[in-house]
Amino acid sequence: AAAAAAAAAAAKGSQPVRPSPEQLRATTAASSHPGASAAVTQSRVHQLCTQGFFVVDGVADSSLVASAQQGAEALRSVGLMMPVSQQRDMGRLDEILVLNEQGSRLVIGGPKSAEPTVQRALTTPESASLAALAALLKGIPQSIMQHAPSASETSEVSNWEQKQRQQSPVSHPAHDGQLENVRSRSSSSGAVWQPPEMAVPQSLMLAVYPGGETYYARHKDNDDSYQVPKAEQHNNPAWAGPPGQRIRDRAVTSIIYLNKDWDADRDGGCLRLFHTDGSGQFTDVAPESGRLVVFQACAVEHEVLPAFRQRWAMTAWVPTLKSFQE
């Protein structure tokens with residue numbers, strides 16, 4: 001019996017432990033970054049909350065970004081960038097690598113991470129430059145929350161929530177999800193979106209479009225597809241992955257581009273952001289070196305137009321803090 005109890009305790013101990021809200025808040029605060037603080041100002045957060053997105057140029061020194069691009073190319077040269085084959089039929093033609101930053105170094109998972117050529121590619125100064133940009137992206141949520149709008153600016157959300165709680169006093173995941181949707185769609189109705197409490201991304205994505213007119217069709221990064229009965233969640237791709245890293249967990253998308261001397265007329269590859277006001281209008285953003293784009297993951301439809309040369313980007317999907325508890 002003692003042996004069985006010990007085995008059960010060991011099995012329990014091997015399961016991932018979900019961080020508490022307090023731990024997440026402490027990690028988010030500790031990830032504050034001077035580059036993110038400089039880029040994410042109050043006026044830009046206002047743009048994010050009322051228009052759905054903002055764009056900032058020159059968020060990092062040009063030599064750092066150029067070095068990061070060289071580091072990205074080195075990672076591709078050792079076979080780490082892979083196409084998302086299951087999404088090719090959906091119009092996704094990039095190659096990606098999931099990574100993280102720890103202690104100013106890049107970290108990747110999987111069996112290839114132990115290979116000598118990969119280890120060398122991960123320990124170069126150029127790899128450290130990529131890690132520096134990753135650290136900047138991980139500082140975005142803290143900077144956004146510092147400038148989030150007040151409750152009086154988001155009365156539509158508060159009134160909706162109060163009405164739902166009166167109808168059903170017990171908190172229900174479906175209601176919580178609908179509230180997040182109201183927050184995400186509020187910019188299209190003229191109200192102000194209130195960013196939910198957010199956490200530091202647990203991983204980031206390095207992506208390259210190889211050229212040759214590769215593109216990504218119109219989509220949302222969090223398309224509300226998680227509004228499904230609990231019994232069906234295991235079959236829904238929005239629920240795949242650990243808490244904080246699922247499609248349904250994304251609140252904000254942050255992207256830094258690494259492409260030197262990009263000419264949109266010659267090279268294509270613009271990020272097309274569709275406005276959230278239902279007008280059908282859009283803004284095309286060229287993926288120029290050192291440019292940061294931040295947008296609402298639930299509200300902003302977007303696509304990558306055909307790229308005629310290699311197009312590099314690093315992306316962080318910022319999760320809600322609440323998602324780690326679900």
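Start by selecting Arg218: it is partly exposed, at 45% relative accessibility. Keep in mind that this is a predicted model. Arg218 and Glu301 form a salt bridge, with their closest N and O atoms 3.2 Å apart.

Next, select Asp57, Glu288 and Arg291. Salt bridges with shared partners join these three residues into one network.

Move on to Arg25 and Glu197. Their side chains meet in a salt bridge, at 2.5 Å from N to O. Arg25 belongs to helix H2 (residues 21–30) and Glu197 to the loop between helix H10 (173–185) and strand E5 (204–209), so this pair links parts that are 172 residues apart in sequence. Are the two side chains buried, exposed or partly exposed? Arg25 is partly exposed at 38% relative accessibility. Glu197 is partly exposed at 35%.

Last pair: select Lys112 and Glu115. They form a salt bridge, and the closest N and O atoms are 3.5 Å apart. Lys112 counts as partly exposed, at 30% relative accessibility. Glu115 is partly exposed at 31%.

To finish, zoom out. How many salt bridges does the structure hold? The count is 13.

Methods: Residues are numbered from 1 along each chain as its sequence is written. This is a predicted model: local features need pLDDT of at least 70, side-chain atom pairs count only at pLDDT 80 or more; totals for chains, interfaces and linings use all residues. Side-chain values use heavy atoms; hydrogens and water are left out. A salt bridge is a side-chain nitrogen of Lys or Arg within 4 Å of a carboxyl oxygen of Asp or Glu. Helices (H or I, at least four residues) and strands (E, at least two) are DSSP runs, numbered from the N terminus. Buried means under 20% relative accessible area, exposed over 50%, partly exposed in between (1.4 Å probe, protein chains only).
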